[in-house]
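Here is a walk through selected local features of one protein model. Please keep the structure open while reading.

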Amino acid sequence: MGLLTIGTPLSWSETKLYADHVRKHGILQFINIYNKLKDRENDCLMWGDEVEYTLLKFDHENKKVYTNLKANEILDVLQIEELKSPSTNKTAWRTEYASYMVEGSPGQPFGVCMKYFNAIEANMRLRREEIQRSLIEPGETVLTIVAFPRMGCPNFTCPSVDPTPAGGLSCSIFFPDQAIFQEHPRFSTMTRNTRERRGSKVVINVPIFKDVNTPSPFIETFPDVQGKGAKAALPDHIYMDCVGCGLGMSCLQVTLQACNISEAMFLYDQLAAVNPIVMALSASTPIIRGYLVDLDCRWSVIAASLDDRTPEERGLEPLKESRFVIPKSRYDSISTYLSPEGNAYNDIDLVYDEAIRQQLTDAGVDEQLARHYAHLFIRDPVTSLFRENIYEDDEENTNHFEVTT
């Protein structure tokens, strides 16, 4: 789930005042990182996986299943051994977006030897056993599923908590604020700032799977909150309205360390081509908010859930306050290949900040890599800008680079 810095998060109105400051110093921090690492060679291939787990509570008597909002309690137990021996422990546990999610990874990175390919499954099994041992109440279990089928339905959590569509962090009709992990401000801040920067709640419309018994058109009705209702809902679609509807889903991620920057850029390009195939082979999201849907993967849902673009950036209004029309959500498919081998396939009109591109190339950064970061830095920081980190040493810190990207 990214960098979990500790501090006092700023509201969107406060963050907006420092957006240019963060961009400026984020680029300087990247240049410093680049200069330190650009000539480094022969690093070992190191890699690891991160599995996001869903905590569940079964009520066998009433034949009900709920998401179990006790991630913080479970993490306190899971991290005991890791804190005792962080350099040798076989597992590592981290927070995730929802109060019913935890993330587990190998305690130490895997390497280049073939033996590690035989170790990964055993480590996954060990993690599953550790987390299951921590769930000691009747009916508690853990699953590695992408989307809990009833996420967003009434009373889908245990304990039961209600959404707050008239206020709160997300103003969601479906996803209660208490289902957001409360022990780190990153998640709540991301939820609130995404909505406030956009100027409205996010809009997620997922096509419903239609059979002979599905009404045509399929149209849902929603509570009329402060006279607004859910006007963004489309016919024949399942509507959702907040970050949690996307980040409340789980996935498997893999992190790789290459031997140098050139190999890292080549791997980046190769994974861009391979990942859609892997995603199709592992398609496992047939049910969302209790409905069968006419898609198989979560990708379009999570992309829409983190779409913080203003109406101007979405091309719905003329540019006045915003700088660019941006064709994609900040959490979407890549827009450029990075390696020299991939350059011939760069056929998308890339939106980027020309001044930043020039600054990067003047600093000696490869042209394609400069365009890539100039593209990333057209966006404002929304995740968590902490008051304690506004002014920092760009030679020693990377917080602004991390917050923006």
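Val-112 counts as exposed because its relative accessibility is 55%; buried means under 20% relative accessible area, exposed over 50%, and partly exposed in between, with a 1.4 Å probe and protein chains only. The model is predicted: local features need pLDDT of at least 70, side-chain atom pairs count only at pLDDT 80 or more, and totals for chains, interfaces and linings use all residues. Residues are numbered from 1 along each chain as its sequence is written, and side-chain values use heavy atoms, without hydrogens and water.

Val-112 sits in the loop between strand S4 (101–106) and helix H5 (115–134); helices (H or I, at least four residues) and strands (E, at least two) are DSSP runs, numbered from the N terminus.

Two other loop residues have positive phi. Most residues other than glycine have a negative phi, and most peptide bonds are trans. Asn-42, in the loop between H2 and strand S1 (46–59), has phi near 65° and is exposed at 68% relative accessibility. Lys-63 lies in the loop between S1 and strand S2 (64–68); its phi is about 55°, and its relative accessible area of 75% makes Lys-63 exposed.

Cis peptide bonds also occur in loops. One joins Cys-158 and Pro-159, with omega about 0°, and Pro-159 lies between strand S6 (157–158) and helix H6 (185–198). Another runs from Ser-216 to Pro-217, with omega near 5°; Pro-217 is in the loop between strand S7 (204–207) and strand S8 (237–240).
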